[in-house]
Amino acid sequence: MQKTLTRKLIPGAASLSVLAFLGLWQILAMVLHSSNLPLPESVAVVFWQACLTGELPYHLGVTLLRLVVSFGIAMSLGCAIGILLGRHKKLDAFFDNWLVIFLNVPALVTIILCYVWFGLVESAAILAVVINKLPNVVVTVREGTRTLDQDLLEMARCYRFGKRKTFVHVIWPQLHPFVMAATRSGLALIWKIILVVELLGRSNGMGYQLHLFFQMFDVASILAYTIAFVSVIQLFEVLVLKPLDKKSQRWRR
Amino acid sequence: MTTVEINIDSKTYPAKSRASEHQAIAEFKLSLNPGEFVCLVGPSGCGKTTLLNIIAGLDNDYQGSISVGQQHASPKIGYVFQNPRLLPWRTVRENIELVLPEGTDPAYLDTLFDVMQLTHAQHAYPERLSLGMSRRVAIIRAFAINPDVLLMDEPFVSLDAPTARQVRELLMTLWRQRPHTVLFVTHDLREAIALADRLVFLSSAPMQVVSDIAVTIARNEREDESQVEAFRQRLLNDYPAIKTLL
């Protein structure tokens, strides 16, 4: 009973918090009365116009495409390397320092070096994003692999599961929470890096547009584009990640 | 039903940090006849689980040989671990289906669940089962693959007496229907007498066979606890060395 009530109240509380945020914004904008903080409705009008001209969907689409490609490469490569390092101690000892170095190289440095070495091309932009995200995924998945239940792996060996069955039914379900953590932190990190990549060396995408708006001090457009992007990521969280989480956790008490 | 020949010259654990090298098993020889139920009885830490892991192929770092059957290059081993080791993210039925070849007749599994009185729980996740039920699932899994040899590592430990007795009786029902060769590890002499055709008593550090004794009570008389107790007393009187191994 208590649980059902809480479940009903949570969506209400979430909507209320969004409304409170908008209210606070409205009041602040009215008090400051400055073009540096436009009213929510002005931003909504700019958003709608940018949608009608097709400008926002185009640039948003370009950035999302970069996000999907670089995120896909970083996650799949990162999971594979993470599992490998987690399972082989010698390999891990050898590459551990590399990981620490790559984890600590500032994103801006990687982006500039990629553009200098490979030119202002699409592949250099994607590579820069992948290099920034990869070590993060590797470390998270490696930690997950280290905590794999050896008893279950022995059981799988004894009952001759074979490599594919062992991976799908024994290893992957244990890695799932770690991969989800890498996915969430990855999405948040990658799209911020992509904006910098676009700002520095591409002629389309959100980052490029934001750069233009910055030069014109067009805060309303900056906010409209930001809200559009954050909404897309939020939709992905609600429509893809949460159901995935729920499905994979259904066995828990 | 398969013959099992165990011949381990030596199993040594290498020195690690402060612990020095430790010889767990030395000059160990044991034969199991087809369909025989053999109980290994020995003190804690004497190497019984190590022995089962070697037979199961989970530990290959030893000198000696294990042969299960004659024609099998890699025998089918059913292993009931001390901890049931079920996949918590798969239902009870899925846990068993995973060890079976694809396309196995579902009725085959239904029968096993029926014998172990688990039909009602087959679609539950393991976390929702009691320990006794989880152990029964692990027993079904081991029998389901129709093993050449069945290894059981104290499968009734930490169960209360009535539950242990119930699971033991269900195990015997299943074994009578499918009389595989069994190697069963236990601390409990009464339990060993109730189950085994032969009792093998083991010493520790290194593990060696001390006595190998046939249980002479007829199987249908073992439900009578006084018969089991009388046999136990006789054993302790006739083989005083056993007392130190329990």
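A nonpolar core is a set of buried Ala, Val, Leu, Ile, Met, Phe, Trp, Tyr and Cys residues joined through C-beta atoms within 7 Å, where a residue counts as buried if 20 or more other C-beta atoms lie within 10 Å of its own, exposed if 12 or fewer, and partly exposed in between, with C-beta atoms placed from the backbone. The legends below concern a predicted model, in which local features need pLDDT of at least 70, side-chain atom pairs count only at pLDDT 80 or more, and totals for chains, interfaces and linings use all residues. Residues are numbered from 1 along each chain as its sequence is written, while chains are lettered from A and ligands numbered from 1 in the order in which they are written.

**View 1. The largest nonpolar core.** This core has 118 residues, and those with the most contacts inside it are Cys39(B), Ile140(B), Leu151(B), Phe184(B) and Ala196(B). The element that gives the most to this core is helix α8 (residues 162–201) of chain A, with 12 residues; helices (H or I, at least four residues) and strands (E, at least two) are DSSP runs, numbered from the N terminus. Leaving aside neighbours within four places in sequence, Ala196(B) is in contact with Phe37(B), Val38(B), Cys39(B), Phe184(B) and Val215(B), a contact meaning that the C-beta atoms of two residues, placed from the backbone, lie within 7 Å.

**View 2. Where chain B meets chain A.** Here 16 residues of chain B are in contact with 14 residues of chain A. The side of chain B that touches chain A has 12 nonpolar, one polar and three charged residues, with Ala, Val, Leu, Ile, Met, Phe, Trp, Tyr, Cys and Pro counted as nonpolar, Asp, Glu, Lys and Arg as charged, and the others, Gly among them, as polar.

**View 3. The three-stranded sheet of chain B.** Three strands form an open sheet in the order β2-β1-β4 (chain B), with antiparallel pairing, two strands being paired if DSSP finds at least two bridges between them. Because β2 and β4 of chain B stand at the edges, each with a single partner strand, one side of each is left without a neighbour in the sheet. Neighbouring strands of this sheet are turned by 15° against each other on average, direction ignored; axes are lines fitted to C-alpha atoms, for helices over the stretch in contact, and angles run from 0 to 180 degrees between N-to-C directions. Strand β1 (residues 4–13) of chain B pairs with strand β2 (residues 22–32) of chain B over nine bridges, and Lys11(B) has Ile25(B) as its bridge partner in β2(B). Helix α1 (residues 48–55) of chain B lies across β1, β2 and β4 of chain B, at about 120° to β1(B).

**View 4. Helix α4 of chain B and its surroundings.** Helix α4(B) is mostly covered, as 12 of its 14 residues are buried, among them Met133(B), Arg135(B), Ile140(B) and Phe143(B). The buried residues of α4(B) pack against β5 (77–80), α2 (92–97), α3 (106–115), β6 (149–153) and α5 (161–177) of chain B. After α4(B) comes Asn146(B), whose phi is positive, near 55°.

**View 5. The six-stranded sheet of chain B.** This open sheet has the order β5-β6-β7-β3-β8-β9 (chain B) and mixed pairing. The twist averages 20° from one strand to the next. Strand β3 (residues 37–41) of chain B and strand β7 (residues 181–186) of chain B are parallel and joined over five bridges, with Leu40(B) having Val185(B) as its bridge partner in β7(B).
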